[in-house]
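Here is a short briefing on one protein model. Keep the sequence and the 3D view open while you read.

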Amino acid sequence: MESRGSVPARPPSYEGVWRFTAPAVDVSVPQARHAVRDLIGRQRVPAHDDTVQGLLLIVSELVTNAVKHAALLSPEIAVEVAIGAEWIRVSVEDNHPYRPKALEADYAQTGGRGLLLVREIALEAGGTCDVEHTASGGKIIWAALPLAPQVPGQGAAPEVTSPLPDPSAP
C-alpha cells in the first residue's frame, strides 16, 4: 500500500491487537462483550453492524464456554481482539487442555451448540474459526470475520492465523 510519492501509506488507525484478562465467572460474559463492543467503537472500526453483532455473539459464546467448562483448571481467561485492515479476529484463551469440537447436538437439549453457533456465524460472514493448543497446554478458540459483508460467490475467507507462535514450530 503506497501513498503519493515515495512515502509509504500508514496502516488504518483502527488496526492493532488488544488483550485483557477476566476471572472465569459468569459476570465476565457480559463484561467481555461490552469491552469488545466499546473497543470497536473507540477505535472507529469500519465494521458492518451485522459483523459487529455476530462478533459480539461469538464473544459471548466463547467466554461462556470458558466459564462453564474450563474454570476449574483455568480461574482466569484471556480475550484478545486483533483488527486488521480487512478483518477482525476475537479469541478466548484458557488453561484447560480439552480441545472441544463443534458438534451437532440433540435438538431436545437446551445447550451444547455454542461452538456450532460460532462456526456458523463465522462461515456465514465469510470468516473462519479454529481451536488451537497453547504452549502451556491450554487452548485458544478464535473466530475471524471480514469487516465488510461478503457478497455471495465472491471472495474467500480471510487469511488469519493465531497470534501465538506455533509451539511445534522450530
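Start at Ile58, which touches Val90, Val118, Ile121, Ala122, Ala143 and Leu145, leaving aside residues up to four places away in sequence. The model is a predicted one.

**Nonpolar core**
- Ile58 belongs to the largest nonpolar core, which has 34 residues.
- Along with Val36, Val63 and Ile88, Ile58 touches the most other members of that core.
- The top contributor is α2, with nine residues.
- As a general point, nonpolar side chains tend to be buried together in soluble globular proteins.

**Ser60 in α2**
- Ser60 sits in helix α2.
- Is Ser60 buried or exposed? Ser60 is buried, because its relative accessible area is 10% and the cut-off for buried is under 20%.
- Leaving aside residues up to four places away in sequence, Ser60 touches Val29 and Arg33.
- With Arg33 there is a polar contact, side chain to side chain, at 2.7 Å.

**Second largest pocket**
- The volume of the second largest pocket is about 260 Å³.
- Its lining is made up of 14 residues.
- Nearest the centre of this pocket lie Asp50, Thr51, Ile121, Glu124 and Ala125.
- Ile121 is also one of the residues that Ile58 touches.
- The elements giving two or more residues to the lining are α2 (49-70), α3 (114-124) and β5 (139-146).
- Which element gives the most to this lining? That is α2, with four residues.
- By type, the lining residues divide into six nonpolar, five polar and three charged.

**Arg44 in a loop**
- Arg44 lies in the loop between α1 (28-42) and α2.
- Its phi is positive, at about 55 degrees, although Arg44 is not a glycine.
- For context, most residues other than glycine have a negative phi.
- Is Arg44 buried or exposed? Arg44 is exposed, because its relative accessible area is 73% and the cut-off for exposed is over 50%.

Conventions
Residues numbered from 1 in each chain as written. Predicted model: local features only at pLDDT ≥ 70, side-chain atom pairs only at ≥ 80, totals over all residues. Heavy atoms only, no water. 1 Å grid on protein atoms, 1.4 Å probe; cavity = no way out; pocket = protein on both sides within 12 Å on 5 of 7 lines; lining within 4 Å. Points joined across faces, edges and corners; volume = space filled by probe spheres on them. Nonpolar A, V, L, I, M, F, W, Y, C, P; charged D, E, K, R; others polar. Buried < 20%, exposed > 50% of the residue type's maximum accessible area, 1.4 Å probe, protein only. Polar contact = N/O pair within 3.5 Å; in protein donor to acceptor, adjacent residues only side chain to side chain. Contact = heavy atoms within 4.5 Å. Core = buried A, V, L, I, M, F, W, Y, C linked by side-chain atoms within 4.5 Å.
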